[in-house]
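Colleague: Could you take me through the charged pairs in this model, one at a time? I'm new to this, so please spell out the terms as you go.

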Amino acid sequence: GMSFTINGRTFDPRRDDLRGRLGDLELWDIENRGGMDHPFHLHTYPFQVLSRNGAPEPFVAWKDVVNVRPRETVRIAVPLRDFNGRTVFHCHIVEHEDRGMMGVLAV
């Protein structure tokens, strides 16, 4: 069947895909090179959307999901606070997540 990836890799729960340090503020660019929407979901750490394709986001708010449209890049600010350990991020479309579009963040 069809698989979905993040950074060219399908999900492996034993692998840390991203590493961060507790207390840091990270800026992530989430790029959708495909032809369908992918709602990006990050567990544990609320984030703020800063821009879409370089244009500032008009309403900054705390979120845990942001839709990333085809050929769109969304920049988010992720403060890594209050939790030290492993968590996941994934496409919030269940079929995409179940077919590999998920990764592990270790803090």
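Modeller: Let's start with Asp12, which forms a salt bridge with Arg14; their closest N and O atoms are 3.0 Å apart. The term salt bridge here means a side-chain nitrogen of Lys or Arg within 4 Å of a carboxyl oxygen of Asp or Glu. As a general point, side chains of opposite charge can pair when their charged atoms come close. Arg14 is exposed, with a relative accessible area of 73%. For these labels, buried means under 20% relative accessible area, exposed means over 50%, and partly exposed is in between, using a 1.4 Å probe and protein chains only.

A quick word on the ground rules. This is a predicted model, where local features need pLDDT of at least 70 and side-chain atom pairs count only at pLDDT 80 or more, while totals for chains, interfaces and linings use all residues. Residues are numbered from 1 along each chain as its sequence is written, and side-chain values use heavy atoms, leaving out hydrogens and water.

Now for Arg52, which forms a salt bridge with Glu72, the closest N and O atoms being 3.3 Å apart. Arg52 sits in strand β4 (residues 47-52) and Glu72 in the loop between β7 (65-68) and β8 (73-79), so this pair ties together parts that are 20 residues apart in sequence. Strands here are DSSP runs (E, at least two residues), as helices are (H or I, at least four), all numbered from the N terminus. Both Arg52 and Glu72 are buried, and for Glu72 the relative accessible area is 4%.

Glu72 has another partner too: Arg69 forms a salt bridge with Glu72, with the closest N and O atoms 3.0 Å apart. Arg69 is partly exposed, at a relative accessible area of 39%. Bring in Glu57 and you get a network of salt bridges linking Arg52, Glu57, Arg69 and Glu72. Across the whole structure, the search finds 11 salt bridges.

While you're looking at the end of β4, have a peek at Asn53. Asn53 is in the loop between β4 and β5 (55-56), and it has a positive phi of about 50° although it is not a glycine. At 51% relative accessibility, Asn53 counts as exposed. Asn7 also has a positive phi, near 55°, in a residue other than glycine. You'll find Asn7 in the segment before β1 (18-19), and at 70% relative accessibility it counts as exposed.
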